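Open the model in your viewer and keep a selection panel ready. Each stop says what to pick and what is there.

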Amino acid sequence: MVYFTLQNTLFVSVLLVGIGLYGLLTRRNLMMIMLCVEIMLNGINISLVAFNYFLWSGTETGHFLYMLSIGIAAVEAAVGLSLLILIFKNYGKITSQEIARLGEKQ
């Protein structure tokens, strides 16, 4: 019995994106929101690698897209963590309510 098929890998990919989306919509802590976005990006990366393996086996298109996605995730993590540090420094806690307060005058 073969478990590594396109349908199974896409199911795992959709499952990871769904878990990340659920966490993104239900969490209030910004660190957890960033982790949920990373889970969603990993689900997308799995689908890119699966498409490259099963459909584009003669090309490197999936690998290039995967590396681009990893680079975008690294930039997102660096910028997001610097914003989290700044918000924690100013407000003492990290929730989505502090993001809403950033535009208000004190």
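Predicted model: local features only at pLDDT ≥ 70, side-chain atom pairs only at ≥ 80, totals over all residues.

Select T5. T5 counts as partly exposed because its relative accessibility is 23%; buried means under 20% relative accessible area, exposed over 50%, and partly exposed lies in between (1.4 Å probe, protein chains only). T5 sits in the segment before α1. Helices here are DSSP runs (H or I, at least four residues), and strands are E runs of at least two, numbered from the N terminus.

Residues are numbered from 1 along each chain as its sequence is written, and side-chain values use heavy atoms, with hydrogens and water left out.

**Stop: T9**

Move to T9, in helix α1. Is T9 buried or exposed? T9 is buried, at a relative accessible area of 11%. Show what surrounds T9, using contact in the sense of heavy atoms within 4.5 Å. Beyond its neighbours within four places in sequence, T9 touches F4, I46, A50 and F54.

**Stop: A50**

Pick A50 from that list. A50 belongs to helix α2. With 3% relative accessibility, A50 counts as buried. Apart from neighbours within four places in sequence, its contacts are L6, T9 and L55.

**Stop: α1 against α2**

Axes are lines fitted to C-alpha atoms, for helices over the stretch in contact, and angles run from 0 to 180 degrees between N-to-C directions. The crossing of α1 past α2 is left-handed, meaning the near helix is turned anticlockwise from the far one by less than a right angle. By class, the residues of this contact are 17 nonpolar, six polar and no charged. Ala, Val, Leu, Ile, Met, Phe, Trp, Tyr, Cys and Pro count as nonpolar, Asp, Glu, Lys and Arg as charged, and the others, Gly among them, as polar.

**Stop: α2 against α3**

α2 and α3 pack at about 175°, their axes 9 Å apart. The pair is therefore roughly antiparallel. Their contact residues divide into 15 nonpolar, seven polar and two charged.

Zoom in on S69, in helix α3. S69 counts as buried, at 11% relative accessibility. Excluding neighbours within four places in sequence, S69 is in contact with L41 and N45.

**Last stop: the core**

Which residues form the largest nonpolar core? Select L30, I33, M34, L84, I87 and Y91, the six residues of this core. Both α2 (30-54) and α3 (61-91) supply at least two of its residues. A nonpolar core is a set of buried Ala, Val, Leu, Ile, Met, Phe, Trp, Tyr and Cys residues joined through side-chain atoms within 4.5 Å. Finish on I33. Leaving out neighbours within four places in sequence, I33 contacts L24, R27 and R28.

Terms used. Parallel < 35°, antiparallel > 145°, perpendicular 65-115°, else oblique.
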